[in-house]
Amino acid sequence: MIPLQHALIFGALLFSLGLYGMLARRHAVMVLMAIELMLNAVNVNLVAFSAYVAPGAFVGQIFAIFVITIAAAEIGLALAIVLRVYRNKATANVDEIDLLKW
Amino acid sequence: MTAFQLLFYLLSAASIVGGIGVVWSTNVVHSALFLVLSLSAVAGVFLVLFADFLALVQILIYGGAITILILFAMMLTRVADEAVVSDSPQKPWGVAAAAAFFGITAYAIYNTPWNVGTAAIQRVPFRDLGVSLFTQWAIPFEVASLVLLVGLIGAIIIARPEDRE
């Protein structure tokens with residue numbers, strides 16, 4: 001059996017990669033991909049806890065299903081916004097989209 | 001080391017390599033393909049952790065739908081023409097934040113007495129999952145479907161071209 005800590009470390013590594021990508025990338029689609037990595041890391045943690053801490057009760061898996069649902073809605077809306085911004089400003093770099101900055 | 005453990009470490013290594021590819025690659029299309037590798041490997045990890053249904057959902061939604069959506073968005077924002085994208089000037093802060101997060105989390109993971117039972121991990125039958133989703137979790141389930149509907153309509157309205165007159 002895999003120790004719980006190793007599954008959690010895997011989740012933390014994936015989340016850190018996502019965090020780095022979210023902060024260090026300029027293109028909005030790249031930022032979104034990094035956010036997907038982070039959401040997946042959260043799902044790994046939920047599934048690991050569900051399997052180890054409360055075997056039999058699969059609440060973690062139910063939560064992960066909802067996280068995937070919200071992630072799907074989020075990526076659809078976010079990509080629509082990216083397309084809209086690209087049409088209006090001809091750029092998809094997040095540091096050039098500063099309409100709300102004074 | 002049993003086959004299960006070997007499989008877990010191989011899959012998580014593949015997923016981490018894919019994740020590094022996503023944040024490292026300067027070509028956006030390569031980045032998206034690395035994302036497929038990473039998310040499919042996570043589906044494998046779900047299988048090792050006996051979450052069969054989630055592994056299926058993961059392959060269907062992340063391996064299929066979301067990747068296709070991202071590739072389409074790249075095509076429409078013509079980022080694939082330029083191909084090479086630069087990183088933001090806050091890259092060092094990104095490294096610092098990610099390293100700090102990982103350090104703190106790893107410290108917390110290894111210093112928390114986890115209340116892990118000795119019972120072996122058991123497979124959750126699809127039937128139990130479905131029944132519980134439609135009885136105990138019925139209201140969150142309906143709210144999630146409403147969120148999806150709102151997301152669908154919102155995405156259409158936002159992405160629709162404006163009227164020319």
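This is a predicted model: local features need pLDDT of at least 70, side-chain atom pairs count only at pLDDT 80 or more; totals for chains, interfaces and linings use all residues.

Trainee: Why is Ser16(A) called buried?

Mentor: Ser16(A) has a relative accessible area of 7%, and buried means under 20%, whereas exposed means over 50% and partly exposed lies in between, with a 1.4 Å probe and protein chains only, so Ser16(A) counts as buried. Its place is in helix α1 of chain A, a helix being a DSSP run of H or I with at least four residues, a strand a run of E with at least two, both numbered from the N terminus.

Trainee: What does Ser16(A) contact, leaving aside its neighbours within four places in sequence?

Mentor: With those neighbours left aside, Ser16(A) is in contact, meaning heavy atoms within 4.5 Å, with Ala98(B), Phe101(B) and Phe102(B).

Trainee: Why is Phe50(B) called buried, and what is noted about its phi?

Mentor: Phe50(B) counts as buried because its relative accessibility is 15%. Its phi is near 65°, a positive value in a residue other than glycine, and Phe50(B) lies in the loop between α2 and α3 of chain B. Most residues other than glycine have a negative phi.

Trainee: How does the radius of gyration of chain A stand against that of a compact globule?

Mentor: Taken over C-alpha atoms, with the globule rule being 2.2 Å times the number of residues to the power 0.38, a compact globule of 102 residues would come near 13 Å, but chain A has 17 Å. The C-alpha trace of chain A spans about 50 × 25 × 20 Å along its principal axes, and the chain has three helices and zero strands.

Trainee: What makes a set of residues a nonpolar core, and which members of the largest one touch the most others?

Mentor: Such a core is a set of buried Ala, Val, Leu, Ile, Met, Phe, Trp, Tyr and Cys residues joined through side-chain atoms within 4.5 Å. Of the 71 residues in the largest, Phe10(A), Met33(A), Phe46(B), Leu54(B) and Ile70(B) touch the most other members, and α2(A) gives the largest share, 13 residues.

Terms used. Residues are numbered from 1 along each chain as its sequence is written. Chains are lettered from A and ligands numbered from 1 in the order in which they are written. Side-chain values use heavy atoms; hydrogens and water are left out.
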